Amino acid sequence: MRSPESGAPSPGAGAGSREPGGLPRIFVGARRRWVVGLAALGIAQGALGAVGAWALTQLRPGSAWPVVVAILSIVATAVAIGGLRVEERIVAERLGQDYVREVRRELIESELTPGGGTHLGITVARTTNDLASVRNWVSQGVGPLAAGIPLIAGSAIGLTVLDPFLGLGFLLPLGVLAAVMVPWARTAYLKSRRLRRARGRMATRIADTVGASEGIIAARGAGRELDHIDSASDDVVDRAVDRSATVGALRAGGTVAALLATLAVAAVGVVRGLDPAVTVAAMAMAGLASTPIVDLGRIVEYRQTFLAAGAVLVPALADAALRRVEHERASSAAAQADLPDGAAGPGRVHLVVPGLVPDDSPLRAGPGARIRLSRGAGGGPGGGDDGGSDPEAPLRLMRRVVGLDLAPAGTTDQVWVAGRNLRAVAPGEGRALVGLATRGTVFERGTLRRALRYRRPDLDDATADAVFEAVGLDVGRFPDGPRTVLRAGGEPLTVDQRARLALARAVYGEPALLLVADLDRDLDQEGRDRLAEVLAEYPGVVVFTGSDDLARALSAEEVRLAAGPVPVTPDGRPADGRSVDDDE
């Protein structure tokens, strides 16, 4: 794994948009034009500064320019430089926001990649604190650097042209500043890393506390939890204050260097007996460059916080890139599979899930089949109890079928529905083939109707109304009806209503394979009766976990999965050579 310094990109590095698993590059696409534009703005400011300095020399007696013209020229150049500074800030902010938008998308995509599971508090911290550090560096670090370096260089060249000693006096404080910045920058980086860890711990504790708020209130433990939050906050405060000393030194260094550079130019002019007008012009040029010099301390601070954020973001993005590669590899391998015998009929289902449903004992079913997956012990489909137990096996099977989890390394899942390879079809077709309803479903933000039609946005409103009625979800009781906006995972719906909505979304469009996981546990009695009725009349294959009453109502076939997790070989067979009976 790369170090933070190598993992975080430098401006202008490379030509590609991003390295696999790394942060995007800055100097690409539209951002390249903006960086070049910032450099041009810096050059323009330097040129205007030179014009203003020359206009100052025309104020001396005997000048060919009228005093009024010289003064107006000085004022005009000052106003023009101010306008360029405004434009510089706008372009720099555009640069930073565009970069952060790309990084934010990468972070959210990593959470939407199969196999992810970052804590909510960490995700929030990454998309707020860490991205704020990234934006500060790009917009207030890279931007001012792109504009400031040409301005400082132009001022140094102009002073050298006036008198070489003026240029030397101007550059000497900058050299001293660069020398002292190196150890300070390293210290700032280490303290930023420590502060970030403390903020991460506080964010996860806050997220856990808010998530468990009902239990905390019921147990009258609010005071204790607030004490824990205070303790985490105190740690953040202590580390932030400790870091501020180094940050203050960095910023003070830039201010002192700018002041010394201007004073050095003035001192050289006096010592060398230069024309007063030349000395004044030189001081004006040094003063114009003082703004980017003052910014150097702040830029170094932003660079170190960016590196500290990169030390967190780069591994996260690299892990997501590896998961995407593995997901694409598994999907590509599964897509090469030949159609198994008996899987080509309309509505037929053929499942091979290594570690749960092995290749020599696939789960096969046709339209109208009702299959209950057992959550107890067992050696495999139809096998007897071997003393093992994996209560989560049925849910893991369903997650593997819909692609939420990846197959074990070196193996591939085979999911055939209605003669179509689910790993080879387009996303839209895959959504139409499989519906999933699980207990505790969390819904995306949007309207109630959008939540129902999320799988099949191509179907009409009449179909949506019929499905709402079938599951017993009365959308008319809400003030905005089907346009009611769901927030925070499903509010304002009750647990029972969320379960009904999950069932409605799963059966919407009547996919050939319907997966239902413990949904009856979230429903009231009327809802359980509705569930049994909907599943009994469903035309496709229903694979579910649920109560004995539901299984009896559906006359469901019992399928006992492997008690595991079971190590498997690349062909999907148990690694220890155990036989797995066929349940059919």
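The axes are lines fitted to C-alpha atoms, for helices over the stretch in contact, and the angles run from 0 to 180 degrees between N-to-C directions. The model is predicted, and local features need pLDDT of at least 70, side-chain atom pairs count only at pLDDT 80 or more, while totals for chains, interfaces and linings use all residues. Residues are numbered from 1 along each chain as its sequence is written, and side-chain values use heavy atoms, with hydrogens and water left out.

The chain holds 15 helices and eleven strands. Helices (H or I, at least four residues) and strands (E, at least two) are DSSP runs, numbered from the N terminus. Of the 584 residues, 47% count as buried, where buried means under 20% relative accessible area, exposed over 50% and partly exposed in between (1.4 Å probe, protein chains only). Among contacts (heavy atoms within 4.5 Å) with a separation of 6 or more, 75% join residues 24 or more positions apart.

A nonpolar core is a set of buried Ala, Val, Leu, Ile, Met, Phe, Trp, Tyr and Cys residues joined through side-chain atoms within 4.5 Å. In the largest such core, which has 37 residues, the members that touch the most others are Leu448, Leu452, Leu501, Leu514, Leu519 and Leu535. At least two residues of this core come from each of helices H11 (448-452), H12 (461-471), H13 (495-507), H14 (525-537) and H15 (548-554), and from each of strands S9 (513-517) and S10 (541-545). H13 gives the largest share, seven residues. Leaving aside residues up to four places away in sequence, Leu501 touches Phe443, Leu448, Ala451, Leu452, Phe468, Leu473, Leu486 and Leu493. Another core, of 29 residues, lies apart from this one and includes Leu23, Ile26, Ile299 and Ala308. In soluble globular proteins, nonpolar side chains tend to be buried together.

Two helix pairs that involve H13 were examined. H12 and H13 pack at an angle of about 135°, and their axes are 9 Å apart. The two helices H12 and H13 are therefore oblique to each other. Their contact is formed by Val467, Phe468 and Val471 of H12 with Arg500, Leu501, Leu503, Ala504 and Val507 of H13. H13 and H14, by contrast, pack at an angle of about 10°, with axes 11 Å apart, and are therefore roughly parallel to each other. Here Asp496, Arg500, Leu503 and Val507 in H13 meet Glu526, Gly527, Arg530, Leu531 and Val534 in H14.

Arg449 lies in helix H11 and is buried, with a relative accessible area of 17%. Its contacts, not counting residues up to four places away in sequence, are with Asp461, Ala464, Asp465 and Pro482.

Helix H2 (residues 29-57) contains Gly42. H2 has 29 residues and reaches 43 Å from its first C-alpha to its last, close to the 42 Å expected at 1.5 Å a residue; the expected span is 1.5 Å times one less than the number of residues. Buried residues in H2 include Arg31, Val35, Leu38, Leu41, Gly42, Gln45, Gly46 and Gly49. Gly42 has a relative accessible area of 0%. Not counting residues up to four places away in sequence, Gly42 touches Ala147, Pro150 and Leu151. The C-alpha atoms of Gly42 and Ile152 are 8.7 Å apart, although 110 residues separate the two along the chain.

Helix H7 (residues 222-271) has 50 residues and reaches 71 Å from its first C-alpha to its last, close to the expected 74 Å. Just after H7, Gly273 takes a positive phi of about 65°.

Most residues other than glycine have a negative phi, and most peptide bonds are trans. Asp518, which is not a glycine, has a positive phi of about 55°. Asp518 is placed in the loop between S9 and H14 and is buried, with a relative accessible area of 14%. Ser555 also has a positive phi, near 50°. Ser555 sits in the loop between H15 and strand S11 (557-560), and at 66% relative accessibility Ser555 counts as exposed.

Note on methods
Parallel < 35°, antiparallel > 145°, perpendicular 65-115°, else oblique.
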